[in-house]
Amino acid sequence: MARILIVISGGIAAYKVLDLIRRLRERGHETPVILTEAATRFVTPLAVGALSNAPVLTDLFDLDREREIGHIRLARAADLVLVAPASADILSRMAAGRADDLATAALLATGAPVLAAPAMNPFMWAHPATRRNAAQLAADGVHFVGPEAGEMAERGEAGVGRLASSEALLAAVDTLLAPAAPGPLTGRHVIVTSGPTHEPIDPVRYIANRSSGKQGHAIAAALAAAGARVTLVSGPVTIPPPKGVDLVAVESARDMLAAVTAALPADAAVMAAAVADFRVDAAPQKMKKTGTAPVLTLTENPDILATVAKRAERPALVVGFAAETQNVIAYARDKLARKGCDWIVANDVSEGVFGAGENTVHLVTADSVEDWPRLSKEEVGTRLVARIADALKAR
Ligand code: CTP
């Protein structure tokens with residue numbers, strides 16, 4: 001039995017949440033509720049309180065009740081926070097990290113998973129501002145259910161914007177409350193490198209590359225979803241770390257090598273980082289203009305993949321990446337042998353992979369080549385992880 005904090009925001013669909021509260025209570029869940037001010041125009045705190053049989057807070061609260069119950073305590077004690085209906089307005093305030101009423105303050109304070117069930121006019125849902133807010137919230141880890149397509153409250157209007165059905169909402173709640181089921185990689189430890197490295201030139205300048213970290217992070221996410229304990233060693237990226245991975249943030253190739261060796265032993269290692277091949281002997285102070293351009297002397301960086309593949313405590317499976325613009329398979333084979341890894345995920349970067357959402361790769365082993373279709377980076381991650389799980393099972 002869980003404690004599900006329900007945040008009701010303003011919208012005509014608010015009345016439907018009364019039925020949901022009743023059904024969640026039937027299942028034995030506790031359902032404290034926070035109503036936004038706008039929500040109180042659609043459902044009364046009295047009606048909600050009668051059904052929830054638990055504290056109901058609104059912005060029209062009195063200080064005594066706040067002292068007694070405390071919206072922060074409610075937020076912290078929740079196993080799940082359900083925002084239903086989630087209006088365009090509350091999504092926008094959540095995306096901005098506002099805390100100017102009880103509902104948004106509780107949403108900022110909670111450590112529990114947040115499930116948003118948007119409901120609004122289809123034009124509002126389709127508006128670029130709402131798309132942007134929903135994408136930001138998804139990136140922040142907020143889960144979504146719905147909206148669904150159908151007739152709207154406004155006469156004659158149809159489209160995507162209806163609150164998900166009670167059945168869909170209950171199913172989404174069940175999924176989020178279910179303890180993580182054991183996956184094919186439960187009990188395994190996998191190290192993933194991702195992103196670029198930054199090689200300092202002086203305290204303010206560095207050499208970098210265009211890697212976004214999307215592919216490496218997608219692999220780390222898929223590994224975690226398959227139950228693995230994941231150490232994600234990432235260079236500087238702007239994307240958030242996937243849920244449930246241990247992130248080690250590094251800057252340079254040498255830092256990355258140190259972090260990877262510190263994370264050993266592991267059952268598998270996937271080296272997706274675009275490690276800088278060379279570093280500069282960095283100047284201790286900012287280099288000043290002197291009239292003559294400075295000469296940067298480059299030194300080769302240690303090869304993290306080759307180092308790990310040749311160590312005594314080598315993971316059972318070592319996977320490298322290769323970015324090629326021609327002779328993709330031949331170069332990948334050569335890299336496999338040279339670096340001593342088991343597989344190479346070879347991608348053709350002649351057609352813009354950096355920062356893109358999709359990737360065309362070939363899985364190259366010592367004696368086989370698989371050509372995968374053009375896939376999203378998430379899908380590449382899922383497929384690769386399925387192969388890793390099979391390989392570890394066989395070893
Ligand atoms: N790699 C590494 N440490 C380095 C350089 C590369 O671990 N110092 C890893 C990468 O994470 C990747 C693979 O080695 O898994 C890529 O090898 P690399 O030799 O850099 O190949 P490309 O980037 O494809 O380029 P090139 O063959 O032109 O050197």
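Domain bounds in these legends come from an automatic or database domain assignment. The structure is a predicted model, in which local features need pLDDT of at least 70 and side-chain atom pairs count only at pLDDT 80 or more, while totals for chains, interfaces and linings use all residues. Residues are numbered from 1 along each chain as its sequence is written, and side-chain values use heavy atoms, with hydrogens and water left out.

**View 1. The two domains of the protein chain.** Domain 1 spans residues 4-177 and domain 2 spans residues 189-394. Their C-alpha centres lie 40 Å apart.

**View 2. The shell around the ligand.** The ligand is surrounded by 14 residues, the closest being M271, A273, L305, F321 and K335; a residue is near the ligand if one of its heavy atoms lies within 4 Å of it. By class, the shell holds 9 nonpolar, 1 polar and 4 charged residues. Here Ala, Val, Leu, Ile, Met, Phe, Trp, Tyr, Cys and Pro count as nonpolar, Asp, Glu, Lys and Arg as charged, and the others, Gly among them, as polar.

View 3. A polar contact is a pair of N or O atoms within 3.5 Å. For K339, a polar side-chain atom is 2.8 Å from an oxygen atom of the ligand. Taken alone, the ligand exposes 570 Å², of which the protein buries 77%; accessible areas come from the Shrake-Rupley method with a 1.4 Å probe. Two or more residues of the shell come from each of α12 (304-310), β17 (317-324) and α13 (328-339). Strand β17 gives the most, with 4 residues. Helices (H or I, at least four residues) and strands (E, at least two) are DSSP runs, numbered from the N terminus.

**View 4. A nonpolar surface patch.** I12, Y15 and F42 together form this patch, with about 330 Å² of accessible area. Patch residues have over 30% relative accessible area and no salt bridge, and nonpolar side chains are joined within 5 Å. A salt bridge is a side-chain nitrogen of Lys or Arg within 4 Å of a carboxyl oxygen of Asp or Glu. Y15 is placed in the loop between β1 (4-8) and α1 (16-26).

View 5. The A84 to P85 peptide bond is cis, with omega near -10°, and P85 is in strand β4 (residues 80-86). The bond from L264 to P265 is also cis, with omega near 5°; P265 is in the loop between α11 (253-263) and β14 (268-271). Although not a glycine, N53 has a positive phi of about 50°.

How values were computed. Patches are made of residues with over 30% relative accessible area and no salt bridge: like charges are joined within 9 Å, nonpolar side chains (Val, Leu, Ile, Met, Phe, Trp, Tyr) within 5 Å. A polar contact is a pair of N or O atoms within 3.5 Å; within protein, one must be able to donate a hydrogen and the other to accept it, and residues adjacent in sequence count only if both atoms are side-chain atoms.
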